[in-house]
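Here is a short briefing to read alongside the sequence and the model. Please keep the viewer open as you go through the points.

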Amino acid sequence: MKRLKDILYKVSVNAVHGNTDVMVKDIQFDSRQIEKNDVFVAQKGVMVDGHQFIDKALGLGANTIICEKLPANMMEDVTYIEVVDSSVALAVMSANFYGNPSGDLKLVGVTGTNGKTTIATLLYKLFKKAGYKVGLLSTVKVMVDEVEYEATHTTPNSLMINKYLSLMVEEGVEYCFMEVSSHGVHQKRTEGLSFVGGVFTNLSHDHLDYHETFAEYRDVKKSFFDSLPKSAFALVNIDDKNGQIMLQNTKANKKSYALKTLGDYKVKVLEKRFSGTLLSINGIEIWTRLIGEFNAYNLAAIFGVADLLGFEKFETLRIVSELESVRGRFEYTVSEDKVTAIVDYAHTPDALKNVLQTINDIRTGNEKVFTVVGCGGDRDKTKRPKMALIASQLSDQAIFTSDNPRTEDAQVIIDEMEEGVSAENYKKTLSILDRRQAIKTACKLAEAGDIILIAGKGHENYQEINGVKHHFDDLEEVTNCFNQLKN
């Protein structure tokens, strides 16, 4: 139990009706989770306005209501707090409720369109190998040092963030690396958190179903850096034209990383193979098992973060050379007859282009590249033709299939993808609605030495169709195909 007035610390309050000296058991923003003596925070969401559920929350025993507009009829034994922004209030109250755990950690946020998961996860692994207790909040999973929890969102809601951070503090965790999505920033989930640093990876076409314009998407990312304190660092990919924009108004220590221009952390790609990459980072050569130019950027960011947190350069690079790819990120398997299958989460035009360019850079010239790709339903429709255009241009054969159609018709999604294919590339495309059959077809068409890219789902082990999740794992499927063809 916590005292209400204590968890309201630093919350922007317009009006108070009732007693703030009451004890509350928990904070909830979902009225269905309310129990006796809980606080209910009524948020104006994208789809639903929580103010509609105030009466339901009271009926289940809430003793405090946080809202942006006081209801017309207020109960005498209930405390009502009118706030400027319920989402900000929820985040600040959550931090207060759990004792502001981010202040007891070295918390680093990673934002950008592509690379967030890889950078955050590899930083977690690097610091673990260096002997520290470490936390991770990522798209793939949440780690409280050695204990794993399932991830449900790239950036969890503010209550869950602070709950996990509190668990980390209890476990003696010193460093935590967190993916910071544009949704999370826009919905104020990161308010009230104390970051020691922020990383910007890149910005390309994504989430325009949520953000009305690319400029809004960019500015939401920028607001994360604007909020960093003077004591923190802001590390950006300066090769991306938006990197400098992220630094414009930040009070943090400004640092950069780059491949093509000058940066504080400069990386060069010296040699590329499917087995790994030879890099030079700030003049020091290392061999890494990670593949592709996009991973060279990721490793430059990782090296920069470790350096800014006081790690010794040569020890950092020694551990970096031992790191392996993140689940579902350029993860590959090779069949008995030497067909290479690569599973990658690439679900944006830029990510798909990066992966296919990496494959084409490494191939010797005679191998064929087969790309199996789809687009998610109930998401940004404008990227569908772009994804198909890139797949058909940079592959010898592109197979369009279902991804997570969710509530949409998967065939309609494929039809919209096909609109992006130019006339000269159309003969290089196939459309196979069933994803399992699409992967099987690619395996049957591929010959010794050929390369199959299965893009879009990466680490996901399900397909969501009509609101129901069915088990489906791309790596599992292609491995089964290889085994069947062997027999």
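Predicted model: local features only at pLDDT ≥ 70, side-chain atom pairs only at ≥ 80, totals over all residues.

Residues are numbered from 1 along each chain as its sequence is written, and side-chain values use heavy atoms, with hydrogens and water left out.

**The annotated lysine, K221**

- UniProt, in an unreviewed entry, lists K221 for "modified residue: N6-carboxylysine"; UniProt positions are in the numbering used here, feature names are shortened, and annotations may be inferred rather than shown by experiment.
- K221 sits in helix 7, residues 214-226; helices (H or I, at least four residues) and strands (E, at least two) are DSSP runs numbered from the N terminus.
- Is K221 buried or exposed? K221 counts as buried because its relative accessibility is 1%, where buried means under 20% relative accessible area, exposed over 50% and partly exposed in between (1.4 Å probe, protein chains only).
- Beyond its neighbours within four places in sequence, K221 is in contact with T111, G112, V180, S181, S182, L203 and M246; contact means heavy atoms within 4.5 Å.
- The side chains of K221 and T111 are joined by a polar contact of 3.0 Å. Such a contact is a pair of N or O atoms within 3.5 Å; within protein, one must be able to donate a hydrogen and the other to accept it, and residues adjacent in sequence count only if both atoms are side-chain atoms.

**Binding-site annotation and T155**

- The unreviewed UniProt entry places the feature "binding site" at S31, T154, T155, S181, Q187 and R189.
- T155 belongs to the loop between strand 11 (147-150) and helix 5 (158-170), and T155 is buried, with a relative accessible area of 0%.
- Leaving aside neighbours within four places in sequence, T155 is in contact with I161, M178, E179, V180, S181, G184, R189 and T190.

- UniProt (unreviewed entry) lists residues 27-98 for "domain: Mur ligase N-terminal catalytic".
- The end C-alpha atoms of residues 27-98 are 11 Å apart, and the span is 25% helix and 19% strand.
- A57 is found in helix 2, residues 54-59, and A57 is buried, with a relative accessible area of 0%.

- What volume does the second largest pocket have? About 460 Å³ of space lies in this pocket, a volume being the space filled by probe spheres set on grid points that are joined across faces, edges and corners.
- On a 1 Å grid over the protein atoms alone, a pocket is an open set of points where a 1.4 Å probe fits, with protein on both sides within 12 Å along at least five of seven lines; lining residues have an atom within 4 Å of a point.
- The lining of the second largest pocket has 19 residues, with T190, E191, G192, L193 and S227 nearest its centre.
- Helix 3 (86-97) and helix 7 are the elements that give two or more residues to this lining, and helix 3 supplies the largest share, three residues.
- The lining residues of this pocket divide into nine nonpolar, seven polar and three charged; Ala, Val, Leu, Ile, Met, Phe, Trp, Tyr, Cys and Pro count as nonpolar, Asp, Glu, Lys and Arg as charged, and the others, Gly among them, as polar.

**Loops and a helix start**

- K188 has a positive phi, near 65 degrees, in a residue other than glycine; K188 lies in the loop between helix 6 (182-186) and strand 13 (197-200) and is partly exposed at 29% relative accessible area.
- K338 also has phi near 65 degrees; K338 lies in the loop between strand 19 (331-334) and strand 20 (340-344) and is exposed at 56%.
- S395, in the loop between helix 12 (383-394) and strand 22 (397-400), is buried at 3% relative accessible area, and a polar atom of the S395 side chain lies 2.6 Å from the backbone oxygen of A391.
- At the start of helix 14, a side-chain oxygen of D434 reaches to within 3.1 Å of the backbone nitrogen of R436.
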